Amino acid sequence: MSTAAPRGRGVTHAVELVRDLGADTFVIRLQRNQLAFQPGQYITVGLPGETDAREYSIYSAPEDDYLEILVKRVDGGYISPRLRRVQPAQLLNVDGPFGFFTIAETERLASRFYFVATGTGIAPFHSFTRAYPAIDYTLLHGVRHTSERYEMYSYDRSRYVACISRRRDGDFTGRVTDWLRRYPVQPDALCYLCGNCDMIYEAFDILKDHGVPAERLFAEVYF
Ligand SMILES: Cc1cc2nc3c(=O)[nH]c(=O)nc-3n(C[C@H](O)[C@H](O)[C@H](O)COP(=O)(O)OP(=O)(O)OC[C@H]3O[C@@H](n4cnc5c(N)ncnc54)[C@H](O)[C@@H]3O)c2cc1C
């Protein structure tokens with residue numbers, strides 16, 4: 001992985017394309033501009049001429065020659081509805097990368113991983129699994145409808161578990177935390193949790209009850 005290229009330093013990146021994944025969720029592909037990052041890190045993105053920006057996990061992998069983010073338009077939000085309307089060639093402000101939600105090189109092939117996401121919290125796991133195809137993981141994705149299984153074909157199907165809370169057409173009916181209660185993980189697993197804070201607090205408690213030590217739990221809270 002390259003670490004030589006500069007950080008974003010608030011530079012503008014042109015939008016290359018926007019990929020719709022449903023009415024409210026989309027991937028924005030930006031020019032890479034040599035930005036170096038580790039899978040699991042995030043960037044901040046804003047509109048040119050404005051100081052407001054929001055954090056977005058990097059969805060693409062360091063090996064890709066573009067930079068992608070997965071965004072859900074939040075009703076009444078300030079930035080995400082405007083990101084929904086961006087068009088190819090438009091410029092966006094990018095800063096970063098930031099964050100420590102990363103996997104140590106020594107652990108990548110030595111550990112069993114549980115990746116637990118709600119909604120767009122799957123973004124860093126997309127980057128992990130793309131960058132580290134040999135990693136031994138189970139990915140729990142908590143969503144309300146099957147239509148929110150964003151680009152599920154990107155993952156090894158036997159490792160991806162859609163936990164659908166409101167319908168019976170997923171791999172598991174219930175929340176990711178219900179899955180964790182029913183199928184305890186091995187205490188020596190490394191557990192990465194990403195998404196809304198309610199899920200993360202609840203999952204922490206369940207995993208600690210199952211004997212996973214705090215130093216093997218990692219979290220990225222979106223809201
Ligand atoms: C480290 C980090 C990484 C993030 N990565 C992503 C990512 O990859 N993809 C992504 O879509 N978002 C991500 N977020 C959330 C993102 O930064 C914004 O908060 C989100 O896009 C809403 O911004 P907004 O300006 O539209 O709404 P705002 O005007 O800032 O806030 C509107 C309200 O919506 C709440 N909110 C934020 N996100 C959601 C959500 N998904 N569903 C429901 N309510 C929400 C906020 O708590 C707030 O109360 C990340 C946040 C952090 C801290």
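How many nonpolar, polar and charged residues does the shell around the ligand have? In this predicted model, that shell has 11 nonpolar, five polar and four charged residues. The protein is assigned two domains, domain 1 (11-98) and domain 2 (112-221), and because both of them give residues to the shell, the ligand lies between them.

**The ligand and its surroundings**
- The ligand is surrounded by 20 residues, and the closest of these are Glu-55, Gly-77, Ile-79, Ser-80 and Phe-223.
- Strand E4 (53-57) and strand E5 (66-72) are the elements that each contribute two or more residues to this shell.

**The two domains**
- The centres of domain 1 and domain 2, taken over C-alpha atoms, are separated by 23 Å, and the contact takes 15 residues from domain 1 and 14 residues from domain 2.
- On the side of domain 1 that touches domain 2, the largest share, three residues, comes from E5, while by class this side divides into eight nonpolar, five polar and two charged residues.

**Helix H4**
- Helix H4 (residues 197-209) has 13 residues and reaches 18 Å from its first C-alpha to its last, which is close to the 18 Å expected at 1.5 Å a residue.
- The buried residues of H4 are Met-199, Ile-200, Ala-203, Ile-206 and Leu-207, and because they fall within an arc of 130 degrees when seen down the axis, they line one face of the helix.
- These buried residues pack against strand E7 (112-118), strand E8 (136-143), helix H3 (176-182), strand E11 (190-195) and strand E12 (217-221), whereas the face of H4 turned away from the buried side carries the exposed residues Asp-205 and Asp-209.
- After H4 comes Gly-211, whose phi is positive, near 95 degrees.

Conventions:
Residues numbered from 1 in each chain as written. Predicted model: local features only at pLDDT ≥ 70, side-chain atom pairs only at ≥ 80, totals over all residues. Near = placed C-beta within 6 Å. Helix = DSSP H or I, 4+ residues; strand = E, 2+ residues; numbered from the N terminus. Nonpolar A, V, L, I, M, F, W, Y, C, P; charged D, E, K, R; others polar. Domains from an automatic or database assignment. Contact = placed C-beta atoms within 7 Å. Expected span 1.5 Å × (residues − 1). Buried ≥ 20, exposed ≤ 12 C-beta atoms within 10 Å, placed from the backbone. Arc of directions from axis to C-beta.
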